[in-house]
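Biologist: I am new to this structure and would like a close look at one part of it. Please take the place where the two chains meet, and then describe what lies around it.

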Amino acid sequence: MIDRINPLAAPVASPVETSPADLVRGAGATASPAAEGADFGAMLSSLASDAIGAVKKAETISLAGVRGDASVQQVVEAVMSAEQTLQSAIAIRDKVVSAYLEISRMSI
Amino acid sequence: MFDPLQVTLKIGASGLEAQSKRMRVVSENLANAQSTGHTPGADPYTRKTISFESEFDEAMGASFVKVAGIGRNHSPYRVEYSPGHPAADAKGFVKLPNVDVLVEVADMREANRSYEANLQVIKQAREMISMTIDLLRSG
């Protein structure tokens with residue numbers, strides 16, 4: 001388990017501040033992605049690239065909307081979907097980071 | 001495979017698009033309610049109609065709405081006696097468009113209501129998605 005989580009050490013630049021109570025409650029939810037995926041780092045980077053892809057698509061369509069090539073509905077749909085992808089990516093990241101912190105604070 | 005809530009957003013968007021095309025047709029009809037021909041006996045603007053159909057998307061397993069086609073309404077034109085008009089025929093009658101402004105306004109209201117309903121669907125689905133993502137945050 002620990003060596004699976006180890007690759008995470010590099011991507012985690014700014015660990016979020018979480019209360020001990022949060023960490024205890026968050027532990028169960030985040031343990032499963034690590035057990036399934038190859039490693040945490042790969043999972044995080046694919047999460048990030050998904051979010052970046054959605055934002056890029058939203059930017060392209062917004063620009064087309066400004067030019068008048070895309071309808072208002074299309075622009076709103078793309079931007080909202082990017083926003084949602086980003087929100088879920090951030091929520092998952094926070095969970096993963098708090099699980100990592102919890103394990104790193106464990107006294108052996 | 002597809003998240004039903006995401007599919008709901010896409011279906012709602014197809015409804016918005018269909019209703020906005022309907023508004024376009026209504027606006028054409030209203031704007032041209034007085035458009036006559038400009039040669040003697042020429043036909044005036046003919047009212048446009050729009051019809052919708054459902055389109056089944058195999059990949060998402062859902063029915064979207066799309067515009068089936070924009071047609072012409074060939075009901076008789078209104079006729080008015082106006083000998084001085086450039087489009088008046090030999091007897092002095094001018095053909096006016098077969099657009100009934102009241103019908104167009106009613107159609108516009110219906111497009112507006114339908115657009116609102118689709119927007120409401122999108123809003124609700126978004127809220128449900130956000131609520132679910134928020135489970136991760138507070139938990």
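How many residues of chain B are in contact with chain A, and how many residues of chain A are in contact with them?

Modeller: This is a predicted model, and in it 16 residues of chain B are in contact with 13 residues of chain A. The area buried between the two chains is about 1,300 Å². Carbon and sulfur atoms give 51% of that area.

Polar and charged pairs also occur across the interface of chain B and chain A. The rule finds three residue pairs in polar contact there, and it finds two salt bridges. B:Lys10 forms a salt bridge with A:Glu77, with the closest N and O atoms 3.5 Å apart. On the side of chain B that touches chain A, H1 and H2 of chain B each supply at least two residues. H2(B) gives the largest share of that side, nine residues.

The nonpolar residues come next. The largest nonpolar core is made up of eight residues and draws on both chains: A:Met80 and A:Ala91 from chain A, with B:Leu9, B:Leu16, B:Ile122, B:Ala125, B:Ile129 and B:Ile133 from chain B.

Leaving aside residues up to four places away in sequence, B:Leu9 touches A:Gln84 in chain A.

Strand E1 (residues 48-57) and strand E2 (residues 62-72) of chain B run antiparallel and are joined by 10 bridges. B:Lys48 stands opposite B:Arg72 in E2(B). E1(B) and E2(B) form a hairpin, with four residues between them. In the turn of this hairpin, B:Gly61 has a positive phi of about 65°.

A further strand pair in chain B consists of strand E3 (residues 78-81) and E4(B), which pair in the antiparallel sense over four bridges. The bridge partner of B:Val79 in E4(B) is B:Lys95. B:Lys95 belongs, with B:Phe93, to the uncovered face of strand E4 (residues 93-96). The covered face of E4(B) consists of B:Val94 and B:Leu96.

Technical notes. Residues are numbered from 1 along each chain as its sequence is written. Chains are lettered from A and ligands numbered from 1 in the order in which they are written. This is a predicted model: local features need pLDDT of at least 70, side-chain atom pairs count only at pLDDT 80 or more; totals for chains, interfaces and linings use all residues. Side-chain values use heavy atoms; hydrogens and water are left out. A nonpolar core is a set of buried Ala, Val, Leu, Ile, Met, Phe, Trp, Tyr and Cys residues joined through side-chain atoms within 4.5 Å. Buried means under 20% relative accessible area, exposed over 50%, partly exposed in between (1.4 Å probe, protein chains only). Contact means heavy atoms within 4.5 Å. Two strands pair if DSSP finds at least two bridges between them. Buried area is the accessible area (1.4 Å probe) that two parts lose on being put together, summed over both. A salt bridge is a side-chain nitrogen of Lys or Arg within 4 Å of a carboxyl oxygen of Asp or Glu. A polar contact is a pair of N or O atoms within 3.5 Å; within protein, one must be able to donate a hydrogen and the other to accept it, and residues adjacent in sequence count only if both atoms are side-chain atoms.
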